Structure formats: C-alpha cells, structure tokens
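Subject: Structure handover

Hello,

Please find the structure below, with notes on what turned up in it. Could you look through them when you have time?

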Amino acid sequence: MRIGILTSGGDCPGLNAVLRGFCKCAFNIMKDVEIYGFLEGYAGLINKEYKVLTPADVENILDLGGTILGTSRQPYKLMTVKEGDAPTKLAQMVENYNKLKLDLLVTLGGAGTHKTASLLSVEGCNVIGLPKTIDNDIYGTDVTFGFHTAVDIAAGAIKRIRTTADSHSRVFFVEVMGNKVGWLTLYSGLAAGADAILIPEIPYDEEKLAEFIKTKKQSSRSVVIAVAEGVMSVREAAMSKKERREYLSSFGSATAAERLTAVMTDKTGVQCRSTVLGHIQRGGEPCAYDKFISTEIGAFGAHLAKVGRYGVTVCIRNNKLGYNMLVDIAGKTKRVPADGQLVLLAKDMGIYFGD
Ligand code: F6P
C-alpha cells in the first residue's frame with residue numbers, strides 16, 4: 001500500500017506524535033507499506049515534493065514540537081482558482097496523487113485542511129483526516145490534538161500575569177489564540193482563575209465591562225481578564241463587515257486585548273495593561289494528554305487505512321475514537337455554546353463574560 005501523509009495549516013504540539021503513531025502502526029499491521037511524507041503541507045503534494053518515511057524517521061519524535069514534514073497555509077478558497085493556463089492547485093494535487101500511484105492520502109490538519117481534504121475526496125482520492133488544532137474548533141470531535149498543550153501554556157501564562165498584576169494593583173487583558181472561537185480562552189481562563197473571560201461567542205457590552213472592572217477593583221488588587229483574539233463588543237458585532245473593518249482600523253494594528261486596554265483605561269480611569277500570548281501557545285513539547293491522544297489518533301488512522309475506510313476524519317467523542325465523513329463536517333465550526341453547561345457553571349462562580 002502506498003500512502004501519502006502531510007501536515008497542513010498552523011502547526012501545533014502533537015503533529016509529530018500523530019505521525020509516529022500512524023507510521024509505526026501502519027508499518028506493523030500492514031504488509032508492503034510505503035509512506036510518502038509530503039513537505040510543507042499541501043504545497044508538497046502540489047509540487048510533488050516528498051520524503052519517503054522509514055521506521056527510523058518516526059522513532060524518536062513523540063516529544064518533539066512542530067512537524068518534521070514542515071507545514072504551510074494553502075487557503076482553501078484558492079484551491080480551485082485558475083491562474084492563466086495552469087491547472088488549479090486541486091487539479092495538480094489529484095494529478096500527483098495519481099502519478100505517484102497513491103492508495104491513500106492522510107491529512108493532519110485543522111478546519112481549512114479538512115475542507116481541502118473533503119474536496120480531494122470528492123475528486124476521487126482516498127483520504128483520511130486526523131484532527132489537529134489548538135483552536136479545538138473542528139466539528140464532530142470533542143477534542144483535537146494540540147488543544148490541551150495550548151491550554152496548559154496559556155493557563156500558565158495567565159497565572160504568572162496574576163502575580164505581577166497583584167503587585168502593581170493593575171487590570172490585565174491577556175490575549176489568547178483560538179481564531180474565531182473561544183475554547184482555548186475559556187479552558188485556560190478557567191484553569192488560571194481569571195476574573196473575566198471574553199469569547200467571540202458572547203459579545204461583550206463595553207459599559208457593563210467597565211462597570212465590572214470598577215466594582216471588582218474595589219475588592220481586589222488585580223483584575224485578570226482572558227480575552228480571545230477573535231472577541232467582539234456588542235457594538236462591533238452589530239456592524240457590517242465593512243463598518244467593522246473601518247472601525248478596527250482606527251486602532252491601527254492593535255490586537256483585541258490592546259484595543260480593550262485602550263478603551264477600558266479611558267472608560268474606567270484604572271491602569272490597564274495587555275499581554276498577547278501569540279505563537280508560544282503552539283510551540284514546544286506536547287503535554288502528556290496530547291501525546292496520548294495523538295498516539296491513539298495516529299494508530300486508529302492506520303487501522304482505518306487497513307480496512308479501507310476512506311473519506312473520513314478521526315474524532316474522539318465521549319472518550320471513544322470514531323470517525324465522521326469528511327463531507328459532513330467540512331466547512332462547519334464547533335463553537336462554544338453561549339448557554340452551555342461550562343459557561344453557566346463559570347457564571348455561577350461569579351466569572352464575568354461581558355454580557
Ligand atoms: O489555527 C491556529 C492558530 O494559531 C489560530 O489560533 C490563530 O488565529 C492562527 O493560527 C495564527 O496563524 P499564523 O500562525 O498563520 O499567524
């Protein structure tokens with residue numbers, strides 16, 4: 001069996017652990033397996049750039065951050081765009097899949113990667129997706145690999161902010177990644193004891209947030225607020241995309257936490273600061289939980305390959321491995337339910353969500 005494998009989109013801890021889990025299991029449970037590791041994500045398949053992986057290549061990579069194959073962003077919406085006489089990227093990938101006589105393509109990636117994987121599957125390629133992302137926004141799975149390591153990193157950072165905020169009696173907005181969803185902010189904010197958690201799924205009211213800060217400041221030295229990078233105020237959420245772009249550009253290149261710091265300093269008169277955690281949340285060794293699920297997701301993917309279960313992506317639901325059809329989940333986003341149990345319990349504890 002000839003298998004292509006690639007890591008695509010933003011990296012995260014656990015990619016190498018999944019590569020290891022898949023390859024080790026595939027080499028063990030199937031005969032005559034060849035694995036072509038495409039370099040730099042879908043770009044490797046488009047340009048036919050690959051490295052044949054041997055058991056030795058994946059032997060000592062369980063703990064290693066990043067991806068030994070390299071990755072890149074190849075926007076889904078450009079996959080079917082024609083430039084002059086050249087074939088589309090999608091057509092090039094299908095052609096190379098056929099030229100290399102692949103029996104299967106395994107894609108380790110997030111939401112965008114899954115949309116392209118679904119396209120390839122519709123075009124006749126045999127595809128198995130494996131769910132990666134620190135954002136945890138892939139539809140149909142409770143968890144993605146990389147998410148829990150990022151939660152650990154973000155929670156650790158927020159905890160550190162608390163002591164300096166206490167020393168100086170300050171308000172801090174700590175910005176957490178997560179793209180357009182609030183999972184990473186919600187989990188890390190809860191794990192770090194944040195006073196407020198602002199997520200895209202619950203637009204915040206500027207006046208009420210200012211009141212919360214002023215009131216909280218009367219009883220505590222510091223106020224630590226976990227802010228999702230994609231958060232919006234009620235006012236911003238009500239704007240058209242064009243209006244919002246114009247409004248946000250009035251803050252220059254300021255991020256969500258930086259804008260909040262400016263607006264809330266103005267409204268409350270309290271000294272506010274911001275910290276943007278950024279790519280540190282994606283770097284380094286996976287946590288033990290991510291090593292564990294990465295290993296089982298990879299090995300389960302190899303079993304799906306063995307039985308020829310294609311056009312699917314692996315998921316974990318209620319702690320059990322399973323799979324969804326790519327066409328059923330591609331293009332859908334798993335958001336934090338604003339009235340879900342987790343948010344309601346946090347609110348009952350007095351954690352403020354900005355609404
Ligand atoms: O999807 C993962 C993610 O880290 C998001 O949380 C973030 O919005 C984005 O990627 C950052 O992308 P880049 O690494 O291309 O700056």
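Predicted model: local features only at pLDDT ≥ 70, side-chain atom pairs only at ≥ 80, totals over all residues.

Residues are numbered from 1 along each chain as its sequence is written, and side-chain values use heavy atoms, with hydrogens and water left out.

Helix H11

Helices (H or I, at least four residues) and strands (E, at least two) are DSSP runs, numbered from the N terminus. H11 covers residues 288–307, 20 residues in total, and spans 29 Å from first to last C-alpha. That is close to the expected 28 Å at 1.5 Å a residue, where the expected span is 1.5 Å times one less than the number of residues. Its buried residues include Ile293, Ile297, Gly298, Gly301, Ala302 and Ala305, but also Asp290 and Lys291. Buried means under 20% relative accessible area, exposed over 50%, and partly exposed in between (1.4 Å probe, protein chains only). Among the elements covering the buried residues of H11 are helices H1 (15–29) and H5 (147–168) and strands E4 (104–109) and E10 (312–317).

Nonpolar cores

A nonpolar core is a set of buried Ala, Val, Leu, Ile, Met, Phe, Trp, Tyr and Cys residues joined through side-chain atoms within 4.5 Å. The largest one has 63 residues, and those with the most contacts inside it are Ile5, Phe22, Ile35, Leu108, Leu130 and Phe145. H5 gives the most to this core, nine residues. A separate second core has 21 residues, including Val171, Leu198, Val231 and Val263. Phe22 touches (heavy atoms within 4.5 Å) Ile3, Ile5, Ile35, Val106, Gly298, Ala299, Gly301, Ala302 and Ala305, leaving aside residues up to four places away in sequence.

Helix pair H6 and H13

The axes of H6 (residues 183–192) and H13 (residues 341–348) come within 12 Å and cross at roughly 35°. Axes are lines fitted to C-alpha atoms, for helices over the stretch in contact, with angles from 0 to 180 degrees between N-to-C directions. The contact is made by Leu186, Tyr187 and Leu190 of H6 with Leu342, Val343 and Ala346 of H13.

Loop residues

Ile199 sits in the loop between strand E7 (196–198) and helix H7 (206–219). Why does Ile199 count as buried? Ile199 counts as buried because its relative accessibility is 0%. Not counting residues up to four places away in sequence, Ile199 touches Gly182, Thr185, Leu186, Ala228, Val231 and Val336.

Most residues other than glycine have a negative phi. Asn136, not a glycine, has a positive phi of about 55°; Asn136 lies in the loop between E5 and H5. With 2% relative accessibility, Asn136 is buried.

Ser169 also has a positive phi, near 55°. Ser169 is in the loop between H5 and strand E6 (171–176) and is partly exposed, with a relative accessible area of 24%. Apart from residues up to four places away in sequence, Ser169 touches Lys217 and Arg221. Ser169 and Val270 are 101 residues apart in sequence, and their C-alpha atoms are 9.5 Å apart.

Regards
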